[in-house]
Amino acid sequence: FKLTHAADFMARAAVRNALFFGSETRAELARAMPRVVYTEPEVAAVGLATREELRRANVDFEVFEREMRANDRAACEGDERGFVRIYVARGSDEILGATVVGAHAGDMISEITTAMKARLGLGALASVIHPYPTRADAIRACGDAYNKTKLTPVSRAALRALIDVRNAL
């Protein structure tokens, strides 16, 4: 990676590995190395961040996406361009990569990078409380979309019945 922050973290890993018997590899660093193109709108990515990269890596994946036009902060700011797209391993919430396009995408990618480094799944990101309204809430919405796929038909019907009863009160 020809990025300032990549060089910084590779140097840190080298020091940790040399002085503190660490074992962090370049591949581990690359797995969660964010990158940003400072265009208008910004484009940020981390990990395997496109369908093509995942196919080349022969990885079976699912995609969860939230358009910025569905985000209240983007609407308030009058700039609804962009999206958050998160790739997970099929049958799991393991985050393989993500792409964020829009205003402040470079800031938003850090939350997904943190989740990848900490090996938190997309389902866990649904439980992160974001201030309202923020663009980063689109990340939580992707987590919610993932969690909805885990509902069985029986649990979905029970939840629907519970909501209907509550709404009737």
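This is a predicted model: local features need pLDDT of at least 70, side-chain atom pairs count only at pLDDT 80 or more; totals for chains, interfaces and linings use all residues.
In soluble globular proteins, nonpolar side chains tend to be buried together. The largest nonpolar core of this model has 24 residues, and those with the most contacts inside it are Val84, Ile86, Ile95, Ile112 and Leu122. At least two residues of this core come from each of the following elements: strand E2 (42-47), strand E4 (83-89), strand E5 (95-102), helix H5 (105-117), helix H6 (122-125) and helix H7 (137-148). H5 supplies the largest share, six residues. Apart from this core lies another, of five residues, among them Leu54, Tyr87, Ala89 and Leu96.

Residues up to four places away in sequence aside, Val84 touches Phe64, Glu65, Arg66 and Met68, then Thr99 and Val100, then Met108 and Ile112, and finally Ala138, Ile139 and Cys142.

H5 has 13 residues, and the distance from its first C-alpha to its last is 18 Å, close to the 18 Å expected at 1.5 Å a residue. Its buried residues are Ala105, Gly106, Met108, Ile109, Ile112, Thr113, Ala115 and Met116. After H5 comes Arg119, which has a positive phi, near 60°.

H7 has 12 residues, which should span 16 Å at 1.5 Å a residue; its end C-alpha atoms lie 17 Å apart, in agreement with that expectation. Buried positions in H7 are Asp137, Ala138, Ile139, Ala141, Cys142, Gly143 and Tyr146. These buried residues pack against strand E3 (61-67), E4, H5 and H6. The loop between H6 and H7 contains Thr134. Thr134 counts as buried because its relative accessibility is 18%, below the 20% limit for that class. Beyond its neighbours within four places in sequence, Thr134 is in contact with Asn71 and Arg73.

In one of them, the ring centres of Phe61 and Tyr87 are 5.8 Å apart and the planes stand at 75°, so the arrangement is edge-to-face. Because Phe61 belongs to strand E3 and Tyr87 to strand E4, this pair ties together parts that are 26 residues apart in sequence. Both partners are buried: Phe61 has a relative accessible area of 11%, and Tyr87 has 1% relative accessibility. Phe64 and Tyr146 also form an edge-to-face pair, with 5.6 Å from centre to centre and 80° between the planes. Here Phe64 lies in strand E3 and Tyr146 in helix H7, so the pair ties together parts 82 residues apart in sequence. Phe64 and Tyr146 are buried as well.

What, then, of the cysteines: how many disulfides does the count come to? The count comes to zero disulfides. A disulfide is a covalent bond between the sulfur atoms of two cysteines. The cysteine sulfur closest to that of Cys76 is in Cys142, at 19 Å, and therefore too far for a bond, given a cut-off of 2.5 Å.

Side chains of opposite charge can pair when their charged atoms come close. A search of the whole structure finds 11 salt bridges. Arg140 forms one of them with Asp144, the closest N and O atoms being 2.1 Å apart. Because Arg140 and Asp144 are four residues apart in helix H7, about one helical turn separates them. Arg140 is partly exposed at 22% relative accessibility, as is Asp144 at 25%.

Arg160 is partly exposed, with a relative accessible area of 47%, and Asp164 is partly exposed with 42%. Salt bridges with shared partners also join Glu40, Asp79 and Arg81 into one network. Within it, the side chains of Arg81 and Asp79 meet at 2.9 Å, N to O. Arg81 counts as partly exposed, at 36% relative accessibility, while Asp79 is buried, with a relative accessible area of 17%.

Technical notes: Residues are numbered from 1 along each chain as its sequence is written. Side-chain values use heavy atoms; hydrogens and water are left out. A nonpolar core is a set of buried Ala, Val, Leu, Ile, Met, Phe, Trp, Tyr and Cys residues joined through side-chain atoms within 4.5 Å. Buried means under 20% relative accessible area, exposed over 50%, partly exposed in between (1.4 Å probe, protein chains only). Contact means heavy atoms within 4.5 Å. The expected span of a helix is 1.5 Å times one less than its number of residues. Rings of Phe, Tyr and Trp (its six-membered ring) pair if their centres lie within 6.5 Å; planes under 30 degrees apart count as stacked, over 60 as edge-to-face and the rest as tilted. A salt bridge is a side-chain nitrogen of Lys or Arg within 4 Å of a carboxyl oxygen of Asp or Glu.
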